[in-house]
Amino acid sequence: MNQDSDIEKGEVEKELYKVERETSEETSPPGTPSRRGRTSKTDFDPADGETPCEEDERVADATPRGRRGTQDTHSSGDSESSSSDRGGHDHQVPPHRDRSRAPSSFRSVRRELEKVPRSKRRGLLGRFTVIAEVTNPYDYPNKSKWMLTFVIAVAGAAAPMASSIVLPALIDIARYFNTTSAVVNLSVALYMLSMSIFPLWWSSFSETLGRRTIYLTSFALYVLFNILAAVSTNVGMFLAMRMLSGGAGASVQAVGAGTIADIWEVRERGRAMGFFYLGPLCGPLLAPIIGGVLNEAFGWRSVQWVLAIFGALIWIFLLFCLPETLRQRISVAAVAEAEAASRANTDNAVRPALTRTTTKQSVKVKSTKYLTIFRRWFIDPLRIVLYLQFPAVAICVFYATTTFCALYALNLSIQQTFSAQPYSYSSIIVGVLYIPNSLGYFVTSIFGGRWIDWIMAREARKAGRYDEKGRLIYRPEDRMKENAWVGAIMFPAALIMYGWTVEFGVHLAAPMVANFFFGVGSMMVFTMATTMLTEFMPRKGSHGVALNNFVRNIFSCIGSAVTDPLIMTIGNGWLFTGLGVICLVSGVLTIWAMKRFSERWRVTMDRKMDGAMGD
């Protein structure tokens, strides 16, 4: 396929490209790299028709912030333009720079690749990459981009796969260590806890050390911790190693979306993100089956050995097939030193100038530098929770969290319920029973996203929201229409159906049908809530995803810990009835609140977002 085959051939486009090329050659000094964005107001691809909301924000940004009216389209803007889209900076602290410098969503042609010499390639063991590092990752041909996306998708399957592959073996692990199922279930709960916390630091480190270094380091640790889990001599060691392996494997959860944003332009990124998330979805689909077969044939330790082997294969895959894609790293030490020097100069401004720096001043500057480094490395990533001060963000996170908790309660119930009377299935059969809800996730991930995009475009047309170029102006709340009601009703009803059918020992087909519809409905909610979250946080979409993962995985940890005792106390019927009612009420309240208050919230967030973390 030709690299610029996505551009309609026509005389207008040829003339635009000729003008742009001549302008670039006249204004750029020799040896200056090509600019990624466009400077011409008319420089867009007419073949794309209606443009995504990212372009609408770029047009809106041409108007000074203080002069905008209530119809400002800012908050429906660059929903996916994260910190990784631009130059390097602390991942958790938004940059203060003119957004007109951000990469444009539309480009006339693909530039010729400017490869980095092998000796100058960045990242850990960068010389070994088969795919060369380039100065502008947007210029990779589509074939290379899809290859890199495939690599990240496979790596992204590791952590979710490890969370569910052990489910069919939990009973045997409890017997081996002579402990209760509630204690062994902590291996799942602690795994989820580590998956919620560690990505905050992986994402921050990736902006300073680079994507490739983080991937190779984290997967080396992933292999090590899974080996130690496989040779565990007591349940405490097993729980600790499982938790650490979850934190290591979760690096892709935070950094993977950044890599996709590094190589794909905004107008192409939707398909790439969908492909990337197939990895995390396919992992849980196949993992319980693999875990059941391994546990039945070779025992529970074989499950951990397979995870270690899988992690080693991914590490080799990353070593040879993934070049560094981060455009610019930021040196925390250099930033800290500059900040310390700036404070010292401010302090000296009120005193007479000295001819040389005193020892006391030098110690003070160095102390400030090291404290700043410590804060940026370990404290700043946690400040992401401050975004919960915005009602729209808090509600989206809350709804996604309740849905995610229900998902993990269901997963643990399947393992416990179908291993006991009256079903008494083997671990292989129990693993197969996770297929229906995983199929529901898979179907919705393929078709649900397109449906939501279509609804969003329909609502914009119905409201007559067009910019001066005739392009649709999208709003985040447009995604919450009939699809929201279908999801909000379907998956709570499926939870209640599952709970009572297994409570009374009904034939296997009934709870499996319920689980399929739970998968369809819950994935509708995940897709809708996560996408809206990123759109309510323009230019900070990755922060929204990290915050969502942080909160939902913490509560999933709690849910995983209490599910087993609740089933033993009140049974599946009442447990899932309670969860279903909570999820239904949460969905109705979320849809009502978004319909009534979302426009007001967007205006407020537009004004306060840049200072959300106290910058």
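1. Arg211 and Asp262 are both buried (buried: under 20% relative accessible area; exposed: over 50%; partly exposed: in between; 1.4 Å probe, protein chains only). The two form a salt bridge, with the closest N and O atoms 2.9 Å apart (a salt bridge being a side-chain nitrogen of Lys or Arg within 4 Å of a carboxyl oxygen of Asp or Glu). Arg211 lies in helix H7 (residues 211–230) and Asp262 in helix H9 (residues 251–263), so the contact ties together parts 51 residues apart in sequence. Helices (H or I, at least four residues) are DSSP runs, numbered from the N terminus.

2. The model is predicted: local features need pLDDT of at least 70 and side-chain atom pairs count only at pLDDT 80 or more, while totals for chains, interfaces and linings use all residues. Residues are numbered from 1 along each chain as its sequence is written, and side-chain values use heavy atoms, with hydrogens and water left out.

3. Seven salt bridges are found in a search of the whole structure. One of them joins the side chains of Arg122 and Glu133, at 2.7 Å from N to O. Both residues sit in the loop between helix H2 (53–60) and helix H3 (142–156), eleven residues apart. Arg122 is partly exposed at 23% relative accessibility, whereas Glu133 is buried at 3%.

4. Within helix H16 (residues 435–463), Glu459 and Lys462 are three residues apart, about one turn of the helix. Their side chains meet in a salt bridge of 3.5 Å, N to O. Glu459 is buried at 11% relative accessibility; Lys462 is exposed at 63%. Through salt bridges with shared partners, Arg458, Glu459, Lys462, Lys481 and Glu482 form one network.

Notes:
Helix = DSSP H or I, 4+ residues; strand = E, 2+ residues; numbered from the N terminus.
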